[in-house]
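I opened my notebook for a first look around this structure. Here is what I looked up, entry by entry.

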Amino acid sequence: MTQDRKNTPEDPSRRHFVSSAGTGALLLGLSGIAMSHRVFAAGRSLAGEYPQQDDFAGSILHADTVVADPARLPPPIHRQHSIHHEIELEAREVRAKLDDGTEFVFMTWNGQVPGPMLRVRQDDTVTLTVKSAKTNKRPHNVDMHAILGTGGGAPAVMVYPGQTRREFFKCVYPGAYIYHCAVPNLDEHISRGMYGMILVEPHEGLPRVDREFYIGQNELYTKEPFGSKGLVHFDYTTMAAEDPSYVLFNGAVNALTPNRLGAMQAKRGETARVFMVCGGPNLTSSFHAIGNIWKECWPQGALANAPLRYVQTQSVPPGSCFVGHLDLQVPETIKLVDHALSRVARKGLLAEIAVGGAPNPAVFKALG
Ligand SMILES: [Cu+2]
């Protein structure tokens, strides 16, 4: 089984969602590639693996957006036995829209931010194939937190442009785990978008819900201030100071709102499960659903434990995940935010769930 976005069912409620990066990336300017392996061999220090400069002009993949569709994820697992999975991740450096009139060179898994959600069951085994698009200019690898092995498997799947490597692992423990690139400039690669979630369901599975959504938070450090137009460039100085210009869900400003690529859709009376992965690389998310309460949640994605109940705001550290349930008792617009609210008001972080249906005045009504 290959778990890629194109193999997951289309949710009719999300048809309006524009997500061309995974399958529709345009190959532009391929003839301009002049990859030098000396670039990768030059540095020896942690930060010196390759020059810390934004030098992606011209010869990489282009796409309209890298924003992952939050409703497109593998379905819940109901089987009672273990299986083997064939999973493929491709590192793609993609120039795409960060905001209206603003572009950035993202680093992605399969052209989307966050990378595809991988879904397996405790004791399942996986052969992971990691590819690097020929158009890339950087080395990449995967540190998968669900793996028991050196570097979360990263050294075994270090890939240079055009390369493919594979590794085998067993999913020993249940939980929602991050995976992320872990080359020497790993903070930059995560900031540019190279992270996602592998969900290892416990043997007994997860509680039944009506809908599931999958989103990722990361922060971005650019030389140009928030709101600048044109191509903006990565900034290593503000990253070292942990002072980002953008904080984002799914790799674009206010990505999951009606003014951008559309809100998530649900109905009154339903239950929804939200999977959130915090890539960071540096900021902890104070994850909150404005207008609702996490009826149950599993901090750190530690699904083997009893959930916390009726939680307003849950910390999600970088390099970790969150799983939470919402009970949708009234029609409303739920705003998913990091409650460090300057990130919402000034740095582009917002995702919405539009809950439709008839009013429920026994629970809420405006009195005028
Ligand atoms: Cu990378």
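Entry 1, a term to begin with. I count two strands as paired if DSSP finds at least two bridges between them. I keep in mind that this is a predicted model.

Entry 2, a strand pair. I looked up strand 15 (residues 285–290) and found that four bridges join it to strand 18, with the two running antiparallel. Phe287 sits opposite Gln314 of strand 18. I then checked the faces of strand 18 (residues 313–316): Gln314 and Val316 are on the covered face, while Thr313 and Ser315 are on the uncovered one.

Which residues coordinate the copper ion? I found His140 (ND1), Cys181 (SG), His189 (ND1) and Met194 (SD), at 2.0 to 2.5 Å. Along the chain these donors follow the spacing H-x40-C-x7-H-x4-M. The angles among the four donor atoms are 82 to 139°, and the site is irregular.

I placed Asn218 in strand 10 (residues 211–220). Is Asn218 buried or exposed? Asn218 counts as buried because its relative accessibility is 2%. Its side chain makes a polar contact with the side chain of Tyr195 (2.9 Å). Leaving aside residues up to four places away in sequence, Asn218 touches several others, including Val113, Ile190, Val247 and Gly280.

Methods: Residues are numbered from 1 along each chain as its sequence is written. This is a predicted model: local features need pLDDT of at least 70, side-chain atom pairs count only at pLDDT 80 or more; totals for chains, interfaces and linings use all residues. Side-chain values use heavy atoms; hydrogens and water are left out. Donors are N, O and S atoms within 2.8 Å of the metal (3.2 Å for Na, K and Ca); water is not among the atoms, so sites may look incomplete. Four donors count as tetrahedral if all angles lie between 85 and 135 degrees; four count as square planar and six as octahedral if opposite donors are over 155 degrees apart and all others between 65 and 115; anything else is irregular. Buried means under 20% relative accessible area, exposed over 50%, partly exposed in between (1.4 Å probe, protein chains only). A polar contact is a pair of N or O atoms within 3.5 Å; within protein, one must be able to donate a hydrogen and the other to accept it, and residues adjacent in sequence count only if both atoms are side-chain atoms. Contact means heavy atoms within 4.5 Å.
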